[in-house]
Structure formats: C-alpha cells, structure tokens
Amino acid sequence: MSVILQLMSESIEYIKQHIQTLRSTIDLHNYRYYVLDDPTIPDAEFDSMMRELEHIEQEHPQLVTLDSPTQRVGAVPLKAFAQVTHRQPMLSLSNAFSTAEVEAFDRRICEGLSASCVEYAVEPKFDGLAVSLSYEWGVFTKGATRGDGYTGEDITANLKTVRSIPLSLRVNNPPALLEIRGEVLMLKADFLALNLRQQARGEKLFANPRNAAAGSLRQLDPSVTASRRLAFFAYGLGEYDDLNVPCDTHDHVMTYLASLHFPVARECGVVQGTSGLLAYFQQIGDLRDQLPYDIDGVVYKVNAIEQQQQLGYVSRAPRFAIAHKFPAQEAMTELIGIEVQVGRTGALTPVARLNPVFVGGVTVTNATLHNADEIARKDVRVGDTVVVRRAGDVIPEIVSVVPEKRSTGAPVFAMPDHCPACGARAIRLPNETVSRCTGGLFCPAQRKQAILHFASRRAMDIEGLGEKLVDQMVDNAIIRTPADLYRLGLAALANLERMAEKSASNLLQAIENSKHTTLTRFVYALGIRNVGEATAKDLAIHLGSLDRLMAADSERLQQVSDIGPIVAESIVDFFAEAHNREVIEQLRASGVQWLEHEEKLDSKIQALPLSGKTFVLTGTLPTLSREQAKEKIELLGGKVSGSVSKKTDYVVAGSDPGSKYDKAVNLGITVLDEAGLLTMLQ
C-alpha cells in the first residue's frame, strides 16, 4: 500500500510541476500578445496550451489557484496609460473547437433553462482589440481596453481618432450613461496598405491585422493612431442608464445600437438550436475569405436577456455564450531560400522564401521565421518541406518541418555576422533573440530612423524635421547620415514637396540652433543600442567628454552607475565601427559643440557634491528652463523629483509656484530661488 501511495504522491507532484510550467508559458505568451503586441506563437498553439491546462484543472480541481490563467480574462494593463476600472467586468468567452463541444454547450443551456430548444443570437468573432466606450449625456467621455477584465487602459484620445466611433449620440434625450462594448480592428485592405508603407520605409511589418490594430490603438501619440485606419464594431452593452435600451433580446439590442449609428456586423443573425448554430458556423466559414475583416470564429449567445440572467456567469466567462473557433489553416510546401532583412532599428529578421502554395484563401510565397532561435528550435533548413500556417494572418509562418522529406546533407542555417545592407558587424547581445546591425549612423536600412531619432526633441531638438520630410530627403538622396543635415542649403529644401522658402529657412535656423547642445543630448542622439536618456546623462556626468567615452573600454564603462556588461558592450561595439566615428567627426567639423568637464569617478567611488540630495522644481525661473536647471543639478549628483515629500531637501521656486511651494513651506523644506540655486551649484 505504501508503494501505491508513493507512486500517487509522485504522480501528483509531476502534475503540479506540469501545471506550473503551462501557467508560466501561458502567462508569458499572454504578456507578449496583449501587452507587447508581439506574439511569438500561433493562436492555435496558445489555445492548445489553454485547453490542456483547463482539462488538467478539471481533473484536479484541488490544484486550481486564483492566479491561474484559466481564472483570468486578459492581460495586465500597460502602465504607460492611466488605469480604468470597468463598471461591469469585460469577461472573455469560453471556446469550442468541435461539433461535439457545440452540442455540449447547447445541451447545458437547455438543461439550465429546462427548455427543449433555445434561440441564439449569432455573430462573427472579430479578431481585434476589445474596448469599452462610455457616453455621458450623449457625449463620448472615456474609452478603455479590456485589460485584465476588471481594469483596463485609458485610451480615450486614441479612440477619438477612430472615425467609425461616434463622438456624440444623435438622440433627442441622451441617457446619463451608456457604455458600449465592441471591437477595434483593422480592415484587410487597410492592413495591406499599412504594411506596404512599412515596407517602403524599411520598418517592421505587422504580423496580422489584429496585431496592427492593437499596436496602433495603444500608441502613446494619438497622431500615430490617427495615421492608421482603424474600424470599430459594436457587439454589446456594459453599464447603462437608458430606458430606450431593449430589455428582451440581444438581437434587439444590436438593432438599437445600429440606430445610434454604431457599426454592427451585417452577418449577425438569430438561429434555433444546435442545427442552427452549426449551419451558421458553416455559412460564415464559407464567407470568411470574402469578409472585409479578419475573424477567427463565430460567437453564440442566448438571445433572450432574461434567460442570459438566469444562466449567469462562471468566474471568467458568461455561461450563456461561447466562441466557436475556426481550425488553423495549414499547407505544405518547399522552403527554397532564407533571406535576411534589416529593419529600421537594425534588427536582422530571417524571411522564408517558399514555393507558391495556396493556404488560407491566398497564394503564399513568403513566411516569417521570427529569429535564429526559432529557426534552430524548429530545425528549419533550405530545401525542407515545411508546414505553413496562415490562420487568417496575411503574413504566414512556418509551423514545423517534415523531417522524413529532408534531403541528405541539408545545411544548418546560420545568421550572418555582418549586416546585409551596409556590411557593419551584426551582433547579438545576451538575453536578446535578434541580431542587430552596429552601423546605426550610416546603415541604409536604418537611415530614416537614425535621422529622426537624432533630430527628436530630447536629442538634438531640431524643430520642424518630421517623418514625412525625412522620408523625402532620404528618398531623394539629399541626406544619408545625420551629419548631412548640417550641409543642407535653402535650394535643396525649397524644391521638396510642401516645403516653401519660409519653411525651409525656419528648418535651417533650427538646425543651426541645434549646434549648441549638451554632451548628454548628443550621446543620446547617436542612437546607441540600450543607451537611453538616463544612461546618456550618466555617461556625460562621469566621463565628461566624448573622446573619453569613445575610448572607454567595457571595464571603465561598467564603473558608471547602472551600466552593466550588456550596455557597455553596446557602447563599445557602436564606437568600434569606423563609419560611426566618421559621422561623429563630420558632425563636430560642422560646428556641433557642447561644454565638457574633467572625468569624475563614479558616485559609487567618490560622491559628487549634491549626491543624496533631492530637489523639486516649481514655477517659472527667470533665466533657466526646467530642463536646464534639472541638468545642472544632476551634473553634480543631485536628483530631481516631480513631487514634494518629507524626503525632499530643496524646492527651487520661480514665479507662480503653485501647491508644491505651499507644501514645502508646511513641511519646513528649504526653498531656493534661481539665484540661490546657482550659488549652490557654484
């Protein structure tokens, strides 16, 4: 008996470990899908893992935990946006993948309602991003993502750029509150046009319309969202205070939403029983490739709202609804070559060239291979017979290799160690999955991105040099590197589209003004991999001059605060490229300059005069900008905070200081004017 108990114990322990592995993997892919908008596995593979986890937890309910992915709705909200708590949870749907599962769903519904046949509202399952739109007294006031179902991201400004979303309701007596639930997506035609633009600019292509819509909708700059055509379709309601809302059926609710000018899928309908559900699934499946948008299945909902309320919810999904998912679309073909493309940020991406094959409604000739790790994991080789999956995606991927069809001696693929576009060294840093070109300032594939970053507000701050203008200048071979900006003449600019003589003169003056900068800004403007503003500032403070920075080895760089071996290696590799150093010398020769100072030991070794002191800036200073004052304080080791607390050492106040000044006085914190600050800095 003891042997049996031991075997049972070991079996349970194995199941626990397997569950934990599944949960960790699912959480990772949830994060990549919902937060990073960068999925690395097909939906079918993710669904398979979820179904396996659900099955194990059903078999062993004692192992279910509150943090299991089966108990969650979506993913953690992105911290870059304000948080929104949903008035009613935005729950996800359970999935069905087979006729048997649909029959079981209908059987559960009938048993729960004590009915022999139930009426269902049916609609396509959009492959986009679920959102909630709140209207107060008829005016659109707030829009949010689903997030984790209970808390989402405030993306109101971005949603206002989606032209199919009404900004106000066309009704005589608007309700105090009406919350619309629906999906933001990108139509197929708009997705193709976007990827053509991305390709022309040498930028990363989006994997599919869903990925493009999610990435566009969650931009921190609403103008980026506005530049990409997004669509919205309503599919239900959240909280509302509206006596006009139909209370009888979901079908009538959808008609009501259409009357308010919300887009509603034309393919919605009402059917009876299992036979009606399966017939609708077949009908939409036949229409799938002809629809203007991507779908990954259909949705079935009990039509009568009273019956919905009677059936209720489980922890993460309604009992009265289910999503019937389409199977992934796959085909076999020959891999005839692997081409390495260079993206706008220098990332090297392998792309499979295929013998043409018809899959998912289109003829496929290319497929993504993601990165070298994925190629090695799947052991993909030129000449292999491969399984290609489209699953509704415009850019397909290679799922697997058919090993028994491989030719003897097929070579293992290796990523190039030099950039195919410029010949600079290509390196892969630890903990990264992609190789990157180190020729950032001169690589043709990275030109536009390098120049835009160089001119950005927190770098060289060249006002008026935007994306469209950079596109024109690079495409017309007027500029090749950031150094060429300082050789521009009025004639070259005035001939560009939408560039009048006055605009050209203003841009030339902005370029001239940018010559007087700081070492921090210049280092940041170079676009060195892994060197952001904070790191550029630390390098400027502790090394004091560009020449010392360019000559520093990895060991010296790691003596600077918060710089480890990976960042140090990025810096050394960047300055090791002769072409990068040549562009820098050209910039200096053009008159770009900054103040330099003696090299300082890192604050870990020798404390700077203001080390450990926290400052808060408030109001308008007479001569210094907020950025200049902050830079001077940080140069001497001080920290600048945005809020006053007991840990604040000094508050620097200008005119109209506001509540921060009052709080400083109440806490007894020393208040300085600009003159007092400058005296301290001296």
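This is a predicted model: local features need pLDDT of at least 70, side-chain atom pairs count only at pLDDT 80 or more; totals for chains, interfaces and linings use all residues.

Residues are numbered from 1 along each chain as its sequence is written, and side-chain values use heavy atoms, with hydrogens and water left out.

A few terms. Helices (H or I, at least four residues) and strands (E, at least two) are DSSP runs, numbered from the N terminus. Two strands pair if DSSP finds at least two bridges between them. Axes are lines fitted to C-alpha atoms, for helices over the stretch in contact, and angles run from 0 to 180 degrees between N-to-C directions. Contact means heavy atoms within 4.5 Å.

Tyrosine 300 stands opposite isoleucine 322 of β11. As a reminder, side chains in a regular strand alternate between the two faces of the sheet.

Back to α9, which also packs with helix α3 (residues 99–113) at an angle of about 140°, the axes being 9 Å apart. So α3 is oblique to α9; angles under 35 degrees count as roughly parallel, over 145 as roughly antiparallel, 65 to 115 as roughly perpendicular, and the rest as oblique. From α3 the contact uses Thr99, Val102, Glu103 and Asp106, and from α9 it uses Gly273, Thr274, Leu277 and Leu278. By class, the residues of this contact of α3 with α9 are three nonpolar, three polar and two charged. Here Ala, Val, Leu, Ile, Met, Phe, Trp, Tyr, Cys and Pro count as nonpolar, Asp, Glu, Lys and Arg as charged, and the others, Gly among them, as polar.

Next, a hairpin. Strands β4 (residues 129–136) and β5 (residues 139–145) run antiparallel, joined by six bridges. Serine 134 has lysine 142 in β5 as its bridge partner. Two residues lie between the strands of this hairpin, and tryptophan 137 takes a positive phi near 50°.

Two single residues. Is valine 470 buried or exposed? Valine 470, in helix α13 (residues 467–475), is buried, at 0% relative accessibility. Buried means under 20% relative accessible area, exposed over 50%, and partly exposed in between, with a 1.4 Å probe and protein chains only. Leaving out residues up to four places away in sequence, valine 470 touches Lys448, Ile451, Leu452 and Leu465. Glutamate 57 sits in helix α2 (residues 43–59), and glutamate 57 is also buried, with a relative accessible area of 6%.

Finally, the whole chain. The protein chain has 24 helices and 22 strands. Of its 682 residues, 50% count as buried. Among contacts between residues at least 6 apart in sequence, 68% join residues at least 24 apart.
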